[in-house]
Amino acid sequence: MESKDSHVIEHMEELRSRIIKTLIGFVAFFILSFIFVQDIYELLIKDLEGKLAVLGPSEILWVYMIIAAVCAIAATIPLAAFQVWRFVAPALKPEERKVTFRFIPGLFILFIIGISFGYFVLFPIVLGFLTSLSAGQFEMMFTAEKYFRFMINLILPFGILFEMPLVVMFLTRLGILNPSRLKKSRKISYFALVIVSILITPPDLISDILVIVPLLVLYEVSVQLSNIVYRKRLLREQSAFPVT
């Protein structure tokens, strides 16, 4: 019993160490992003006509901090994935360690692709739709806080959701998921993705379709990738323990 307790304590200490290293990395990336935050801000508003309004000095700081935080999150993803890999690596076989290690760059790439989809494709359409509602009826004025809060709430979920295929592959590789389980939960998953799509888009059919279709495609891609990884895993197990 004492040996088991000490083993659990060692795991908890290892987990705490990995979390602390990830947080330190986030803070370092946040500081670095904050140094260049004004350049990033200018890049994000380059297509806007005129300047954004602020209602107080603290709002400027909030905008800069939230921009730096999003950049830091994106940069921290590979580090966080590496720390997770280091934590589970002792339980993996040498070949599994090599394969799962290759997933780490993909997480960062898919996160950037997801944010880019939200920013370059969805955000202009949604913003244009909402702006058109005020045509001839209201005087439209964007504050920096409202503008960036709206932007981040819209595009950040896509950075996370676009990582779904790689996360599913990783969990399938570890034996936590399998394609059969994903297929059985397809209806529930579709329903959840549709709800998410409706919540983060304005109430018009075009915007909903632009979000729902990519998410459903991502889920089906995840199922197919899980199927490929699962078959390879079964073949390896069969070759390791041949039937006599």
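## Helices H3 and H5

Helix H3 crosses helix H5 in a right-handed manner; a crossing counts as right-handed if the near helix is turned clockwise from the far one by less than a right angle, and as left-handed if anticlockwise. The model is predicted, so local features need pLDDT of at least 70 and side-chain atom pairs count only at pLDDT 80 or more, while totals for chains, interfaces and linings use all residues. Residues are numbered from 1 along each chain as its sequence is written, and side-chain values use heavy atoms, with hydrogens and water left out.

H3 covers residues 57-88 and H5 covers residues 103-133; they pack at an angle of about 155°, with axes 9 Å apart. Axes are lines fitted to C-alpha atoms, for helices over the stretch in contact, and angles run from 0 to 180 degrees between N-to-C directions. The pair is therefore roughly antiparallel (angles over 145 degrees; under 35 is roughly parallel, 65 to 115 roughly perpendicular and the rest oblique). H3 contributes Ile73, Ala74, Ala75, Ile77, Pro78, Ala81, Phe82 and Trp85 to the contact, and H5 contributes Ile104, Leu107, Phe108, Phe111 and Ile112; contact means heavy atoms within 4.5 Å. By class, the residues of this contact are 13 nonpolar, no polar and no charged. Nonpolar covers Ala, Val, Leu, Ile, Met, Phe, Trp, Tyr, Cys and Pro, charged covers Asp, Glu, Lys and Arg, and the others, Gly among them, are polar.

## Overall make-up

The protein has 10 helices and 0 strands, where helices (H or I, at least four residues) and strands (E, at least two) are DSSP runs numbered from the N terminus. The C-alpha trace spans about 80 × 40 × 30 Å along its principal axes. Of the 244 residues, 37% are buried (under 20% relative accessible area; exposed is over 50% and partly exposed in between, with a 1.4 Å probe and protein chains only). Among contacts with a separation of 6 or more, 82% join residues 24 or more positions apart.

In H2 (residues 37-44), Val37, Tyr41 and Leu44 are buried. These residues lie on the same side of H2, because they cover an arc of only 65° around the axis, the arc being that of the directions from the helix axis to the C-beta atoms. Gln38, Asp39 and Leu43 are exposed on the face turned away from the buried side.

The axes of H2 and H3 come within 10 Å and cross at roughly 90°, so the two helices are roughly perpendicular. Val37, Gln38, Ile40, Tyr41 and Leu44 of H2 meet Val63, Tyr64, Ile67, Ala68 and Cys71 of H3. This contact has 9 nonpolar, 1 polar and no charged residues.

## Helices H5 and H7

H5 and H7 cross at roughly 155°, and their axes come within 9 Å; the two are therefore roughly antiparallel. The crossing is left-handed. Phe103, Gly106, Leu107 and Leu110 of H5 make the contact with Leu166, Val167, Met169 and Phe170 of H7. Its residues divide into 7 nonpolar, 1 polar and no charged.

## Two single residues

Arg173 belongs to H7 (residues 164-173). Arg173 is buried, at a relative accessible area of 5%. Apart from neighbours within four places in sequence, Arg173 is in contact with Glu95, Glu96, Val99, Thr100, Val229, Arg233 and Arg236.

Leu15 is in helix H1 (residues 2-35) and is partly exposed, with 31% relative accessibility. Leu15 and Gln83 are 68 residues apart in sequence, and their C-alpha atoms are 8.9 Å apart in space.
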